[in-house]
Amino acid sequence: QYALLPAAKRKGLMARGNNTPLDLKRLSLVPKEAVGFSYSRTSIAGFLDVLFDAAKAYDPVIAEQGLVMLKSLEEQIGVKVREDLFGQIGDEFLYYSMKPTGMASAPEMGIILPVKDGQKVVQALKSLAKLSDGKVTITEKADKTMKDLVVYSLDIDVPNAMGGAGFNPLA
């Protein structure tokens, strides 16, 4: 249905971007060894709005509880999730995955998102990681610059999160 729905009538998750062509040069950021990728436009901040709107339509009480929990989390970590994290992310979404390295392991994957203020996003992610009592650590390094896009590698290490078994929070 998405292909048949005129842009003016798309709402919520179906809106998925502003019909601006994607910058195909960004595909050079995908490792040549990747076995698959997806590149599209979507509003990450808009996704959060749609999520709460859907919860409100389903059950207003549950939606309100979710908003209260989110506000409590924001006060605890000193980050406004919509403004400091989701609101900093642009509308391009480039995802890739690598070949799995073993039978029981999840493949390495990457998500490349343009952001308005990279340091603000990194600080927000580090604040969220503190809630894990050391099970999630985030390191940063500027890897590559491509015109208007500075790329940061965020390595998420989850040691012994599953009683010693490997665990990938992005899988």
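View 1. Arg82 counts as partly exposed, at 32% relative accessibility. Here buried means under 20% relative accessible area, exposed over 50%, and partly exposed in between (1.4 Å probe, protein chains only). The model is predicted: local features need pLDDT of at least 70, side-chain atom pairs count only at pLDDT 80 or more, and totals for chains, interfaces and linings use all residues. Residues are numbered from 1 along each chain as its sequence is written, and side-chain values use heavy atoms, with hydrogens and water left out. Asp49 is likewise partly exposed, at 31% relative accessibility. The side chains of Asp49 and Arg82 form a salt bridge, 2.6 Å from N to O. A salt bridge is a side-chain nitrogen of Lys or Arg within 4 Å of a carboxyl oxygen of Asp or Glu. The Asp49–Arg82 pair links distant parts of the chain, with Asp49 in helix α1 (residues 44-58) and Arg82 in helix α3, 33 residues apart. Helices (H or I, at least four residues) and strands (E, at least two) are DSSP runs, numbered from the N terminus. The structure holds four salt bridges.

View 2. Asp84 sits in helix α3, residues 81-85. Its relative accessible area is 17%, so Asp84 is buried. Leaving out residues up to four places away in sequence, Asp84 touches Gly78, Val79, Lys120, Val121 and Ala124. Contact means heavy atoms within 4.5 Å. Asp84 also forms a salt bridge with Lys120, and the closest N and O atoms are 3.8 Å apart. Asp84 belongs to α3 and Lys120 to α4, so this pair ties together parts that are 36 residues apart in sequence. Lys120 counts as partly exposed, at 35% relative accessibility.

**View 3. Glu92 and Arg26, a buried salt bridge.** The side chains of Glu92 and Arg26 meet at 3.3 Å, N to O. Glu92 lies in strand β2 (residues 92-97), while Arg26 lies in the segment before β1 (36-41), so the pair joins parts 66 residues apart in sequence. Glu92 and Arg26 are both buried. Side chains of opposite charge can pair when their charged atoms come close.

**View 4. Ile112 and the nonpolar cores.** The largest nonpolar core has seven residues: Leu29, Val30, Tyr39, Leu94, Tyr96, Met98 and Ile112. Such a core is a set of buried Ala, Val, Leu, Ile, Met, Phe, Trp, Tyr and Cys residues joined through side-chain atoms within 4.5 Å. Ile112 is in contact with Leu29, Glu92, Phe93, Leu94 and Tyr96, neighbours within four places in sequence aside. A second, separate core holds five residues, among them Val79, Leu85, Val121 and Ala124. In soluble globular proteins, nonpolar side chains tend to be buried together.

**View 5. Helix α4, from end to end.** Helix α4 covers residues 118-129, 12 residues in all. The expected span is 1.5 Å times one less than the number of residues. Buried residues of α4 are Gly118, Val121, Val122, Ala124, Ser127 and Ala129. At the start of α4, a side-chain oxygen of Asp117 comes within 3.3 Å of the backbone nitrogen of Gln119.

**View 6. Ser43, in the loop between β1 and α1.** Ser43 counts as partly exposed, at 37% relative accessibility. A polar atom of the Ser43 side chain lies 2.7 Å from the backbone nitrogen of Gly46. Ser43 and Phe86 are 43 residues apart in sequence, yet 8.8 Å apart in space, C-alpha to C-alpha.

**View 7. The whole chain and its confidence.** The chain has four helices and seven strands. Along the sequence they follow the pattern β-α-α-α-β-β-α-β-β-β-β. Buried residues make up 27% of the 171 residues. Of the contacts with a separation of 6 or more, 55% join residues 24 or more positions apart. The mean pLDDT is 78, and 70% of the residues score at least 70. pLDDT is the predictor's confidence in each residue, from 0 to 100.

Key. Polar contact = N/O pair within 3.5 Å; in protein donor to acceptor, adjacent residues only side chain to side chain.
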